[in-house]
Each structure stands twice: as structure tokens, then as C-alpha cells.
Amino acid sequence: ESAIWVRQCVHPEGKPSFTRFWVEERFEREGDRYAIIGAEPRTGRTHQLRVHLEYLGHFIVGDKIYGGNGAEYLEFLESGWSRSLAKRLKLSRHALHGSGMIFEWEGEEFEVKSPWPDELAKFCLGSSEEGV
């Protein structure tokens, strides 16, 4: 049950999905503990990474829908980004980034890499809040 119709969940009657997670690095910021994780989704379900992390008791920094009960998302829709949301969510966007992928196309393997966006690098390297 959720007031947010796009919110998904792990459910015994749902379609099978699988994600492999691993911790790459742990860090603390203003007394809070965080981890930079790697994720390898083996299926492509809606919000898969976010849903699986929530199911495991974790959430992605900045996630307004899965970072709690969804109240932040509803507040954001009603009032926009605020200092209150910045304090709770730390970032105005998900701290979710596809740093790279490897895929095969017509018998040839390709690897694509993407550097971290500035706001994610800044958060992980020392700043605990994005400006409002």
C-alpha cells in the first residue's frame, strides 16, 4: 500500500528479478554512515535497484520515493525542493549512477564508462548537503 502509484515492491507474486550488490567503499559524513556500492542487475524491472535495496533495509541517498515511506516525494510534489528535504535526503537527486557497462553487439564486446557527476563526487568526498 502506498500513496505513490509508481512505487514498486518485492512481492511473492511478482515477476522474478535478480540484482547482485557489493560494497566498494564505506564512509561517514556528519555521523551518518554510507556505502558506495556496485550493482549488477540481471533483469530489468521497474525501479529494480531501488526496490531491492529498500527490501534489504537500505536506500539510495536522495531517493524521494524509496528513501522512506514516500512522504518526501509527496512533499516535493507539493512544495518543491526545500531546506527540510535537503537535510533529510542530502541530495536533490538519487545518488544513483551508471558508471559503466559491458555489452555484446553483433559478436563484439563493448565497454562504456561514465565518470561520476560532480554532485555525487562532492557528496562522497566531503560535502554532506547539496545547496538549496
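These legends walk through a few close-up views of one predicted model. Residues are numbered from 1 along each chain as its sequence is written, and side-chain values use heavy atoms, with hydrogens and water left out. Because the model is predicted, local features need pLDDT of at least 70 and side-chain atom pairs count only at pLDDT 80 or more, while totals for chains, interfaces and linings use all residues.

**View 1. Arg-50 sits in helix H1.** H1 covers residues 48-55; helices here are DSSP runs (H or I) of at least four residues, strands are E runs of at least two, and both are numbered from the N terminus. Arg-50 is buried, at a relative accessible area of 10% (buried means under 20%, exposed over 50%, partly exposed in between, with a 1.4 Å probe and protein chains only). Leaving out residues up to four places away in sequence, Arg-50 touches Ile-60, Asp-63, Ile-65, Tyr-66, His-94 and Leu-96 (contact means heavy atoms within 4.5 Å). Gln-48, Val-51, His-52 and Leu-53 are among the other buried residues of H1, and their cover includes strands E1 (19-29) and E2 (32-41). Just after the helix, Gly-57 takes a positive phi of about 90°.

**View 2. Phe-27, Tyr-34 and Phe-123 make up one aromatic cluster.** Rings of Phe, Tyr and Trp (its six-membered ring) pair if their centres lie within 6.5 Å; planes under 30 degrees apart are stacked, over 60 edge-to-face, the rest tilted. The structure holds four such pairs. Phe-27 and Tyr-34 are stacked, with 5.4 Å centre to centre and 20° between the planes. Tyr-34 also meets Phe-123, with centres 5.1 Å apart and planes at 85°, so that pair is edge-to-face. This second pair ties together distant parts of the chain: Tyr-34 is in E2 and Phe-123 in helix H4 (residues 118-125), 89 residues apart. Both Tyr-34 and Phe-123 are buried.

**View 3. The largest pocket has a volume of about 1,400 Å³.** A pocket is an open set of points, on a 1 Å grid over the protein atoms alone, where a 1.4 Å probe fits, with protein on both sides within 12 Å along at least five of seven lines; lining residues have an atom within 4 Å of a point. Volume is the space filled by probe spheres set on the points, which are joined across faces, edges and corners. Of its 41 lining residues, Ala-35, Ile-36, Ile-37, Gly-38 and Ala-95 lie nearest the centre. E2 gives the largest share of the lining, ten residues.
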